[in-house]
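Subject: Handing over the structure

Hello,

Here is the structure I promised to pass on to you. Please have a look at it first, and then read on for what I found in it.

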Amino acid sequence: MTYKETCHYLYSQMPMFERQGSSGYKEGLSNTLALDEHLGCPHKSYATIHIAGTNGKGSCSHSIAAILQECGYKVGLYTSPHLIDFRERIRVNGKPISERYVMEFVERERSFFEPLHPSFFEVTTAIAFQYFKDQHVDIAVIEVGLGGRLDCTNIITPILSIITNISFDHTQFLGNTLAQIAGEKAGIIKKGVPVIIGEANTETRPVFEAKAKEMNSAIIFAEDDQEVLSAEPLPAGGMLYHTVHNGTLHGDLGGAYQLKNMNTILQATYQLAKIGYLCICEKLENQDKCRSEIQRAIENVAASTGLMGRWQIIQENPRVVCDTGHNVGGWQYLSQQLQNQQCRQMHIIFGMVNDKDLNSVLELLPKNAIFYFTKADNKRAIDEHDLQSQAAKHGLLGKCYPTVDEAYTQCMKNALRDDFVFVGGSSYVVGDFLKLFN
């Protein structure tokens, strides 16, 4: 098979939650453990960091990988979903896995895994873990796919666990209360392994504390020790952070939500230093060296790791921005940031998938914008006419377009130099949008 044929095989033959929804979700670790044993437990060949949470997993994973790379480590990075190409999911020092490796792995191992009827994510995780071993990485940053306790990445025993935050998402699998969802995410906490909690509240904090106590794991609540004093968006994109121990940091990732992420990321650097992975110590010269490495890493996360779609500025005059925020937790930040835009007219190209809390997100959208309702090339995408109908109940008005390409083409015909264009609502809408520039 060619690379294109291999990807088609993976997408079409393996149950895939991202395309199919609940019918593509496989609960439990039996297939993952069978694949892992067959491959010789490759994940035991290198250290790992495990990152779960409702929002912010991607930004935190890529940022921590960038810092480790800047400090001289060979770093594996496993994230999902991809926006343009499957290979985005599996990287070493920012470089995507080769097409040939994907082709050869599938061809070599399919006779073993096909009888298992694994999910797409189970096979992809096996590819990632084996690739990192073959590439002799020093450490791999592993992002949870969905949940935590039963996620197939949860066979690892990391040196550090991170849970960014908890909000309502994937409730059909994880539970209908924040405490239930937190319980699933807390499943990544391993015996004796420190865990950082980015954000917690009165419902989730006791869940995390109980699990950490059960596992005899040190627990650090990033909000209790604010490393980031304040943050402000930069006119050209990105954020400026004023910190306690790292001075002023210029972050290349935009979005008001990055303030919370950065506090979690910096707390992670201190925990990594305690276990010997970073050079922070009491000696001033080493502190200065590590600060400069952190500063360079935070300035270049996107370039060094390939991260896309986080308040990403595509062009100016008119300014066009895309963001992968796709649930209520993410939109609580995005809506505030949209309201703060200074422009003549706002245009929003918008689509969502059918397992999100649509009405709660629609309630957060700016009513003074012109909307271009559309759908991604995904079976879970909400029909643009249904979206338009629901949006009208919230005072949001606009026309329908069957593809993101058509929506963007019409939007750019309408938008003037002083306008602002936003593309989002779903990672898949952003993926279809970015493919237009690939």
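Three strands, in the order β9-β10-β11, make up an open sheet with antiparallel pairing. Helices (H or I, at least four residues) and strands (E, at least two) are DSSP runs, numbered from the N terminus, and two strands pair if DSSP finds at least two bridges between them. β9 (228–233) and β11 (248–251) are at the edges with a single partner strand each, so one side of each has no neighbour in the sheet. On average, neighbouring strands here are turned by 20° against each other, direction ignored. β10 (residues 239–243) is joined to β11 by 4 bridges in the antiparallel sense, and Tyr 241 stands opposite Leu 249 in β11. Helix α10 (residues 258–274) lies across β9, β10 and β11, at about 140° to β9. Axes are lines fitted to C-alpha atoms, for helices over the stretch in contact (heavy atoms within 4.5 Å), and angles run from 0 to 180 degrees between N-to-C directions.

A word on what you are looking at: this is a predicted model, in which local features need pLDDT of at least 70, side-chain atom pairs count only at pLDDT 80 or more, and totals for chains, interfaces and linings use all residues. Residues are numbered from 1 along each chain as its sequence is written, and side-chain values use heavy atoms, with hydrogens and water left out. The mean pLDDT (the predictor's confidence in each residue, from 0 to 100) of the chain is 90, and 92% of its residues reach 70 or more. For residues 17–24, pLDDT stays under 50, and the model has 28 contacts beyond four places in sequence for them. Residues 280–285 also have pLDDT under 50, with 7 such contacts.

There is another open sheet, of 8 strands, with mixed pairing and the order β4-β3-β2-β5-β1-β6-β7-β8. Its edges are β4 (95–96) and β8 (219–221), each with a single partner strand, so one side of each is left without a neighbour in the sheet. Strands β6 (residues 160–163) and β7 (residues 195–197) run parallel, joined by 3 bridges, with Ser 161 opposite Val 195. Helix α6 (residues 120–134) lies across β2 (75–78), β3 (90–92), β4 and β5 (139–143), at about 10° to β3. Helix α9 (residues 205–214) lies across β6, β7 and β8, at about 160° to β8.

Do look at β13 (residues 319–323) as well: 5 of its 5 residues are buried, meaning under 20% relative accessible area, where exposed is over 50% and partly exposed is in between (1.4 Å probe, protein chains only). Arg 319, Val 321 and Asp 323 lie on one side, Val 320 and Cys 322 on the other. β13 pairs with β12 (residues 312–315) in the antiparallel sense over 3 bridges, and the two form a hairpin with 3 residues between them. In its turn, Asn 317 has a positive phi of about 55°. Val 321 is the bridge partner of Ile 313, and also stands opposite Phe 422 in β17. β17 (residues 420–424) runs parallel to β13, joined by 5 bridges.

Finally, the structure holds 0 disulfides (pairs of cysteine sulfur atoms within 2.5 Å). The sulfur of Cys 41 is 15 Å from the closest cysteine sulfur, in Cys 152, which is too far for a bond.

Best wishes
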